[in-house]
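These notebook entries record what I looked up about aromatic rings and the charges placed over them.

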Amino acid sequence: MPYKFKSYTASKAKQEKRALLNAVKFSKDPSKAQREEALLSQALSFAQNSSTKLYTIKDTTSTLKGILGFIALSASDVMIEDTKKPVVLIDLLFVTNQCRSTVYEHLDNSKISQLLLEYAVSKFYEVREHIGVSYLILYPERGRENKNLVAFYQSMGFSYATNKHEWMYVKL
Amino acid sequence: MPFIFETSVSLATRREIAKDSIKTFGKNSAKRFSIVKSTSITQNIPPKQIYVKIHLLKLNEGFAMAFKYENGKVIQVSMPHITGEDAKKMLNAKVPKELIKRIKAKKFITEAA
């Protein structure tokens with residue numbers, strides 16, 4: 001496998017918070033960078049108290065150095081009519097700035113975001129072996145105005161839950 | 001996110017909003033929603049419209065696990081209650097079988113940090 005994932009316990013997330021924040025590059029646009037750092041920092045704080053589970057992805061061929069991205073997953077639920085449905089929630093999907101929008105031939109001809117999302121789906125099925133869950137859900141950053149991001153999630157099978165809100169889901 | 005009140009908003013309306021805010025978000029909601037008085041931006045907006053706007057803001061704020069960045073702060077975002085046609089669509093959604101088959105065929109390696 002040309003890439004591998006690393007999972008962080010709450011204590012590891014605490015110990016390595018600063019190093020993890022420094023390990024990735026944020027957008028060159030200062031306001032976007034500020035937003036991205038705040039969101040990643042929030043995910044790391046959640047990981048420290050086990051409110052989310054944090055994973056990183058690395059290239060094992062060393063073609064690409066360092067941490068390429070993060071994904072943070074947690075359990076939640078959604079009310080559909082009068083029924084509460086358990087879901088796996090993607091709290092954060094983050095790709096280091098220099099790797100965004102690039103398809104890597106040596107990484108299964110995939111983008112980093114695609115690998116992270118596929119990993120989330122695989123984790124969903126691992127969870128489902130033990131606990132009932134129905135949907136994988138996420139909230140695209142900046143919502144519908146972020147057209148490229150929304151198109152990417154739609155290409156991965158996600159749909160909008162309603163026309164009024166930004167939440168997207170995929171039934172698995 | 002601050003609520004912007006027009007000076008002409010009555011005390012009764014403010015109380016109603018405050019009560020509703022506490023009911024929805026708990027006693028600490030005042031910390032989350034600092035209430036400030038009028039600015040020129042809102043001078044021409046009738047109080048009722050402001051009230052509606054506040055309600056819309058509440059719907060976009062949230063309780064649950066995910067979060068978004070807005071006005072320099074990270075805020076959590078709640079899942080909406082899905083009803084009607086949206087609920088039917090979600091319950092009857094098709095599973096993307098090809099995608100799942102492809103992902104299940106991959107052997108992801110995970111190691112502990």
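Is A:Phe124 buried or exposed? I worked from a predicted model. There, A:Phe124 has a relative accessibility of 0% and therefore counts as buried, since the cut-off for that class is under 20%.

Entry on the aromatic pairs. I counted 13 aromatic pairs over all chains. I then examined A:Phe70 and A:Phe94, whose ring centres are 6.3 Å apart and whose planes meet at 50°. A:Phe70 belongs to strand S3 (residues 67–80) of chain A, and A:Phe94 to strand S4 (residues 83–95) of chain A. The two residues are 24 residues apart, and their pair links distant parts of the chain. I found both A:Phe70 and A:Phe94 to be buried.

Next I returned to A:Phe124, which forms an aromatic pair with A:Tyr125. I noted 5.5 Å from centre to centre and 80° between the planes, an edge-to-face arrangement.

Entry on the cluster. I traced ring pairs that link A:Tyr3, A:Phe5, A:Tyr55, A:Tyr119 and B:Phe108 into a cluster.

Entry on charges over rings. Which ring has the charged end of B:Lys104 over it? I identified the ring of A:Tyr125, with the charged end of B:Lys104 at 4.2 Å from the ring centre. I also looked up A:Arg144, which lies over the face of A:Tyr160 at 3.6 Å from the ring centre.

Technical notes: Residues numbered from 1 in each chain as written. Chains lettered and ligands numbered in written order. Predicted model: local features only at pLDDT ≥ 70, side-chain atom pairs only at ≥ 80, totals over all residues. Heavy atoms only, no water. Phe/Tyr/Trp six-rings, centres within 6.5 Å; stacked < 30°, edge-to-face > 60°. Helix = DSSP H or I, 4+ residues; strand = E, 2+ residues; numbered from the N terminus. Buried < 20%, exposed > 50% of the residue type's maximum accessible area, 1.4 Å probe, protein only. Lys NZ or Arg CZ within 6 Å of the ring centre and 35° of its normal.
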